[in-house]
Amino acid sequence: MPRFETQKSLMATYHIRQYQDSDHKSVVDLFSKGMEEHIPATFCHILLLPRTLLLLLGAPLALALVSGSWLLAMFCVFFLLLLLRLLARQPWKEYVAKCLRTDMADITKSYLNARGSCFWVAESGRQVVGTVAALPVKDPPVGRKQLELFRLSVSSQHRGQGIAKALIRTVLQFARDQGYSDVLLETSTLQQGAMTLYLGLGFQRTGQYFMSMFWRLVAICTVQLKYSFPSA
């Protein structure tokens, strides 16, 4: 049965319920915008890397010395900044496209048809303002029953109201009710706000890795976190 939860605060009222097919467009838009919000932070992170600063200073200077043209050097800086912006944008765009072809293409099939999984939305004023999902881990360690949290996203206009925390707690309660021993999730070192939220709710870091050579080059790790129930 769907789990319903209503939270009220001085700022807003929101309601957490199970996903319905009529939510699909709103959920996809929220997910896509949420992922794209990481592009500026990724770009700024790349700009502050020592190797990037060396490139932005060294390449235009070398070009100016060779060509004798500072205008050409300025054009080189502009070109490099544009290239770095495109580099910061591409992996997030590719990730969104991949998700929209896979689990987000049919959310009901991906998250609601299987036992021990679910997809929730947070609704405020008849508008979907947050999402979270959970799927069983396929090959958990012997003696463990693990659930993985996915697709946590909250509209930028509705942050700071406790919605993300309520969505995570909804997953934790679901996991407890379903007899799971652990809840796993992954985030990145770029998402410090999310990291602080997870740790504050009792998740603990269990490891980290680079998803691809690109993320290794820009020094952004994927961080693995786990919440274990006391009785597990």
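This report walks through a predicted model of one protein chain, from its overall build down to a handful of residues.

Some ground rules come before the details. Residues are numbered from 1 along each chain as its sequence is written, and side-chain values use heavy atoms, with hydrogens and water left out. As the model is predicted, local features need pLDDT of at least 70 and side-chain atom pairs count only at pLDDT 80 or more, while totals for chains, interfaces and linings use all residues.

**The whole chain**

The protein chain has eight helices and eight strands; these are DSSP runs numbered from the N terminus, with helices being H or I of at least four residues and strands E of at least two. Its C-alpha trace spans about 70 × 45 × 35 Å along the principal axes. Of the 232 residues, 40% are buried, where buried means under 20% relative accessible area, exposed means over 50% and partly exposed is in between (1.4 Å probe, protein chains only). Take the contacts with a separation of 6 or more: 63% of them join residues 24 or more positions apart, a contact being heavy atoms within 4.5 Å.

**Two cores**

A nonpolar core here is a set of buried Ala, Val, Leu, Ile, Met, Phe, Trp, Tyr and Cys residues joined through side-chain atoms within 4.5 Å. The largest one holds 30 residues, and W120, L149, V171, V183 and F203 touch the most other members. Several elements give two or more residues to this core, among them β3 (118–124), β4 (127–136) and β8 (222–228). Helix α6 gives the most, with eight residues. There is also a second, separate core of 27 residues, which includes L30, F31, I46 and F119.

**Residues to click on**

| Residue | Relative accessible area | Class |
|---|---|---|
| S155 | 7% | buried |
| A219 | 37% | partly exposed |
| L86 | 45% | partly exposed |
| R51 | 53% | exposed |
| R126 | 84% | exposed |

Start with S155, in the loop between β5 (146–154) and α6 (163–177). Its side chain makes a polar contact with the side chain of Q157 at 2.6 Å. For a polar contact, a pair of N or O atoms must lie within 3.5 Å; within protein, one must be able to donate a hydrogen and the other to accept it, and residues adjacent in sequence count only if both atoms are side-chain atoms. Setting aside residues up to four places away in sequence, S155 touches L30 and V129.

Next is R51, in helix α3 (residues 50–67). Beyond its neighbours within four places in sequence, R51 is in contact with L217 and V218. A polar atom of the R51 side chain lies 2.4 Å from the backbone oxygen of L217. R51 and T13 are 38 residues apart along the chain, and their C-alpha atoms are separated by 47 Å.

L86 sits in helix α4 (residues 70–101).

Finally, look at two backbone angles. Most residues other than glycine have a negative phi. R126, in the loop between β3 and β4, has a positive phi near 65°. A219 is found in the loop between α8 (213–217) and β8, and its phi is also positive, at about 60°.
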